[in-house]
Amino acid sequence: MLFNSSEFLFVFLPVALSGFYLLGARSRTSAIRWLILVSLAFYAWWRPVNVLIIGPSILINFALASILLRLNQGEGSRRMSTAVLVLGICFNIAFLGFFKYTDFILGSFNDILDANLVLRHIILPLGISFITFQKIALLIDVQAGRVRSLTFQDYCTFVLFFPQLIAGPIVHYREMMPQFQAASCRFDKENVAIGLTLLFCGLFKKVVFADNIALLVTPIYDHAATGGRTSFLLAWMAAVGFTLQIYFDFSGYTDMALGLARFFGIRLPPNFNSPLRASNIIDYWLRWNMTLTRFLTAYIYNPLVLWLTRRRLEKGQPGFGERNPTVGAFVSLLMFPIVITMFVSGLWHGAGYGFIVWGLLHGFYLTINHGWRVVAARLWPDRRSYDRVMKPAGLVLTFVSVTAAMIFFRAPTMTSAIDLVKGIIGLNGVALPQALFDRLGPLTSTFHSIGVIADGSWNSQDFVKTAIWISGLMFVALACPNTLQILARYEPALGVKPRSTKLVIGRIIEWNASLPWAIAMSAIAAIAIGFMGGPSEFLYWQF
């Protein structure tokens, strides 16, 4: 069931909330059990067998977490606890691997060895990547002693909570369960008002912004997949257009998830904070899919760095913390862990070569960014002067780098991705739609002289329309306050507090429970509902 579907907004959600509030007025336990039940119904809506797939996984993970909890309380050795943890991680990785990567592995064997292995075409359970990482995080936290108590009801509430079940954010047990335990499970007008604001802002971003730019960008990727030789301007439209599509798609989903959780008195952690405003790639990953970054850093990057550092120190080699790190320390303690972590990130996003390339590109981006920080601190000691020059330059460079990498994320094949990369660097020439080219008048000969040609295969109206949409969405992404800023006074996400930030459009507009805001949100809701049509999945739901 999609958040942006009529059956969810007008049937499922009213039923879920009505039952929760009515039961909550009598019994908090009944309300929580109702929430678990409707979350299972939500997950089963698209494909009921999903519950039969995810159910055994939940039972096994709960059993493993319970064993770890008992071992931590003094009933077993540390070695036994570690063995149980490793078993749990292996089980979850194997579970994810079977459903998500079986066909990819078989297809890779066919490509490399010219084999003829039969692909299984396994249907991927919804949200399996997010759910798997969340269960792994809980096992690690239990083994580390960060979780001290665990009941089956609490575990099911944590794993199945439908606002973040399918596409995150990836949450920690210790940040969610205290909220559920403190929740009144009753109707609260402030929570409902904030929830509605977030819900309809997110819906608007999805169905008005993301879905409309998708209609203009998709034909360019289809052309690259079939005909090839995508010219310079069209290739950049494809790259920037998809970057904006996934930006507003994921931003919209995140807002809706935050709003839905708030109906139940729960604040999810922030997961999206205007990443296109980042002035470097490190900052970008602190703003984009923030809880995934948190997971990868805490459970892959940090342990890997710690292990490698200990190995170097045992051999008498210097670590990376010294004032003048060696090239060897930089490569082994920074570059290698970053590239491995981002390789995992790429593979987690999808079973395809394009996702792997996307992840590795970001790994190298991050490595270069960290290396530049080491060098820049020596070459440019005046921080104020550095920021004045490098912040705007870094904003442009980060945007170009992110956009170029997104080609591999979106393109259906590596061949089409390479064609689009050739296009953005000018190897496929520069072209304008024939009708637009004919209107240039005396400029036609000038454009011809610099190598610009006419292309009769592209509609000039679509070309202009795409350019207008990209310009408008860029303004919204870079200049307008985001929902976290607008609602900061009410902590729309866990830990978000007001900040004195100013953007291009001036003072930040703050949300409040007033008639003007009620009218504005009613208009936004009406427009968003009006744009709802056929099925349009959130892009991250496929991961």
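Hi everyone, and thanks for coming. Please keep in mind that we're looking at a predicted model.

Let me start with helix pairs. Helix α13 covers residues 353-379, and helix α14 covers residues 383-410. Their axes come within 9 Å and cross at roughly 165 degrees. Angles over 145 degrees count as roughly antiparallel, so that is the label for α13 against α14. The crossing of the two is right-handed. If you'd like to colour the contact on your own screen, on the α13 side pick G354, F355, V357, W358, L361, H362, Y365, W372 and A376. Facing them from α14 are Y386, M390, S401, V402, A404, A405, M406, F408 and F409. Sorted by class, this contact of α13 with α14 has 15 nonpolar residues, 3 polar ones and no charged ones.

Next comes α6, which has two partners to talk about. Take α7 to begin with. The axes of α6 and α7 lie 10 Å apart, and the helices pack at an angle of about 115 degrees. The range from 65 to 115 degrees counts as roughly perpendicular, so α6 is roughly perpendicular to α7. α6 passes α7 in a right-handed crossing. D154, T157 and F158 of α6 make this contact with Y173, M176, M177, F180 and Q181 of α7. By class, the residues in the contact of α6 with α7 are 5 nonpolar, 2 polar and 1 charged.

The other partner is α2, residues 28-44. Here the axes of α2 and α6 come within 10 Å and cross at roughly 45 degrees. The two helices are therefore oblique to each other. And which hand does the crossing of α2 and α6 have, left or right? It is left-handed. From α2, the contact uses T29, I32, R33, I36, S39 and L40, and from α6 it uses Q153, C156, T157 and L160. The class count for α2 with α6 is 5 nonpolar, 4 polar and 1 charged. Do keep an eye on T157, please: this residue of α6 is listed in the contact with α7 and also in the contact with α2.

The loop between α6 (152-160) and α7 (173-182) holds P169. A cis peptide bond joins G168 to P169, with omega at about 5 degrees. Phi of N289 is near 45 degrees, which is positive in a residue other than glycine. As background, most residues other than glycine have a negative phi, and most peptide bonds are trans.

Now for the empty space. Rolling a probe the size of a water molecule over the atoms shows where such space is left. How many cavities of 30 Å³ or more does the count give? It comes to 2.

The largest cavity holds about 40 Å³ of space. Its lining is made by K205, S251, D255, F272, S274, N482 and T483. Those lining residues divide into 1 nonpolar, 4 polar and 2 charged.

The second largest cavity has about 30 Å³ of space. Around it you'll find S231, L234, A431, L432, P433, D455, W458 and F463. Which element gives the most to the lining of this second largest cavity? That would be strand β1, residues 430-433, with 3 residues. By class, the lining of the second largest cavity has 6 nonpolar residues, 1 polar and 1 charged.

To recap the helix pairs: α13 and α14 are roughly antiparallel, α6 and α7 are roughly perpendicular, and α2 and α6 are oblique.

Notes
Residues numbered from 1 in each chain as written. Predicted model: local features only at pLDDT ≥ 70, side-chain atom pairs only at ≥ 80, totals over all residues. Heavy atoms only, no water. Axes fitted to C-alpha atoms, helices over the stretch in contact; angles between N-to-C directions. Helix = DSSP H or I, 4+ residues; strand = E, 2+ residues; numbered from the N terminus. Parallel < 35°, antiparallel > 145°, perpendicular 65-115°, else oblique. Left-handed = near helix turned anticlockwise from the far one by under 90°. Contact = heavy atoms within 4.5 Å. Nonpolar A, V, L, I, M, F, W, Y, C, P; charged D, E, K, R; others polar. 1 Å grid on protein atoms, 1.4 Å probe; cavity = no way out; pocket = protein on both sides within 12 Å on 5 of 7 lines; lining within 4 Å. Points joined across faces, edges and corners; volume = space filled by probe spheres on them.
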